[in-house]
Amino acid sequence: MEYCLESVTRVGMLTLALGLLLLLSGHSVRTEDATGSRFVCNALPPGAEPGCGYFATGNRVQSSSPVEDELRNTILQLRETILQQKETIVSQQGTIKELNSKLARCESAAAAAAEVSPQGKSRGQSSRRKELGKNTMGDLPRDPGETIDQLGKTMQSLKGRLENLEQQSLRLPITNLSAGGVAALTPLPRDLRELLRQRLEVLETQLLRKVAELEEEKSQLYNETAAHRQRTESALNSLLERITELEKNNNAFKSPEDFKVSLPLRTNYLYGRIKKSLPEMYAFTICMWLKSSASPGIGTPFSYGVPGQANEIVLIEWGNNPIELLVNDKVAQLPLSLSDGRWHHICITWTTRDGFWEAYQDGERLGTGDNLAPWHPIKPGGVIILGQEQDIVGGRFDATQAFVGELSQFNMWDRVLRPVDIAGLANCSAYMPGNVVPWIDANVEVFGGASKAALEICEDRAFDS
């Protein structure tokens with residue numbers, strides 16, 4: 001609402017300024033100065049010109065003083081200045097809205113750049129976006145040109161960081177040592193990782209193929225070796241059978257008991273076998289002639305195994321151990337010495353009563369003992385093997401336990417022989433075949449290269465002495 005000054009007195013500048021402020025605030029004021037003068041402001045009628053004085057009665061003021069004209073011009077200038085500032089504020093608000101829109105697009109571009117960056121870079125750019133997302137209307141420069149320059153610099157910085165991330169993603173892995181001495185690897189791009197994985201799969205396939213080929217070659221070699229051994233053993237057995245047949249036809253042995261079995265090699269396939277089986281026994285005596293110079297240990301001259309117990313009766317000298325007698329897998333050490341390369345006659349007796357045993361060498365009793373499998377009856381239905389120790393009945397031999405040498409006159413009784421009878425057998429003054437297992441040609445068969453040959457043991461022994 002416009003007003004016209006009706007009465008003004010000469011007042012100080014302070015009073016004038018107060019009046020102007022009250023005039024701009026749209027209030028009618030009535031006041032008095034220090035001398036009691038007053039002025040009244042009334043509304044201008046419609047169509048009246050500002051500055052034309054009217055009294056309350058509607059009469060126009062005829063004249064004005066220079067001070068009044070000066071104040072009027074000042075008021076008009078202030079009003080015009082206020083309107084210009086208002087227009088400037090409206091214009092700057094539009095500029096601010098436009099700049100905020102551009103800033104939002106910059107943030108979108110920065111977010112897209114952060115998605116291709118590693119995790120650590122993404123966190124850094126996220127914090128940068130948070131800073132850019134703040135309300136900075138109060139901090140923007142008053143000059144729109146400076147704001148645009150600042151946004152341009154920000155965009156250039158974001159572009160540089162994006163290019164740096166793209167270049168880092170294309171680099172090969174680089175091992176860097178941090179301050180703590182820990183190696184850090186830059187992640188490989190997805191395409192390069194896929195290429196490396198494919199190459200590794202190809203190499204793994206080639207390696208597995210090569211291993212399979214080697215396994216196949218090994219299997220073929222093993223089969224060929226087994227087949228060759230089988231052919232060799234078959235040929236040897238055929239040859240031995242032919243020799244045995246010729247020996248029988250030519251009556252090679254003067255008597256059925258005058259022969260020996262030779263086991264010249266320490267293998268797991270040379271052995272002899274007694275065809276006759278044993279009954280259940282509560283005592284036994286086993287006598288034989290042995291000749292061996294094998295070292296260490298002569299091996300296993302004989303073994304008797306039954307189902308469930310491969311070591312029912314075993315005589316063995318293995319390694320540096322003394323000669324041992326096993327009954328039902330219980331052990332007694334015998335004071336015998338047989339590895340001098342000469343013929344020796346040995347006899348072993350045992351009875352289930354208290355497990356008492358005796359050991360004779362060349363007719364002389366060298367040792368006795370008891371508590372060797374006491375009250376255990378010798379089980380029937382087993383197999384007697386000459387020259388090998390059985391791990392299962394009739395087989396699974398161990399070459400390190402094989403007997404190397406010659407043996408003859410293997411006889412077995414189901415009782416304990418008297419010392420005089422044993423001495424007669426040792427000095428060739430008496431001949432008494434075993435009542436359970438007698439030593440005759442028809443009762444002994446050989447395998448794997450073992451052989452039978454004619455032998456008159458007493459004459460041969462006399463020659464050795």
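Mentor: Let's begin with two strands: strand 10 (residues 299-306) pairs with strand 17 in the antiparallel sense, over four bridges. Strands here are DSSP runs of E with at least two residues, helices are runs of H or I with at least four residues, and both are numbered from the N terminus. Two strands pair if DSSP finds at least two bridges between them.

Trainee: What should I know about the model itself?

Mentor: This is a predicted model, where local features need pLDDT of at least 70 and side-chain atom pairs count only at pLDDT 80 or more, while totals for chains, interfaces and linings use all residues. Residues are numbered from 1 along each chain as its sequence is written, and side-chain values use heavy atoms, leaving out hydrogens and water.

Trainee: How many helices and strands does the protein chain have?

Mentor: The protein chain has seven helices and 20 strands. It has 465 residues, and 31% of them count as buried. Buried means under 20% relative accessible area, exposed means over 50%, and partly exposed lies in between, using a 1.4 Å probe and protein chains only.

Trainee: Which strands form the open sheet, and in what order?

Mentor: Seven strands form it, in the order 13-12-11-10-17-8-19, with antiparallel pairing. Strand 13 (330-333) and strand 19 are the edges, each pairing on one side only. Neighbouring strands are turned by 20° against each other on average, direction ignored. For such angles, axes are lines fitted to C-alpha atoms, for helices over the stretch in contact, and angles run from 0 to 180 degrees between N-to-C directions.

Trainee: What are the bridge partners of R273?

Mentor: R273 stands opposite E445 in strand 19, and its bridge partner in strand 17 is I385.

Trainee: What is a nonpolar core?

Mentor: In soluble globular proteins, nonpolar side chains tend to be buried together. A core here is a set of buried Ala, Val, Leu, Ile, Met, Phe, Trp, Tyr and Cys residues joined through side-chain atoms within 4.5 Å. The largest one has 44 residues, and F284, I313, L334, F410 and M412 have the most contacts inside it. Strand 9 gives the largest share of this core, four residues. Apart from it lies another core of seven residues, including Y360, L417, I422 and L425.

Trainee: Which residues of helix 6 are buried?

Mentor: In helix 6 (residues 419-426), the buried residues are I422, G424, L425 and A426. Just after helix 6, C428 takes a positive phi of about 60°.
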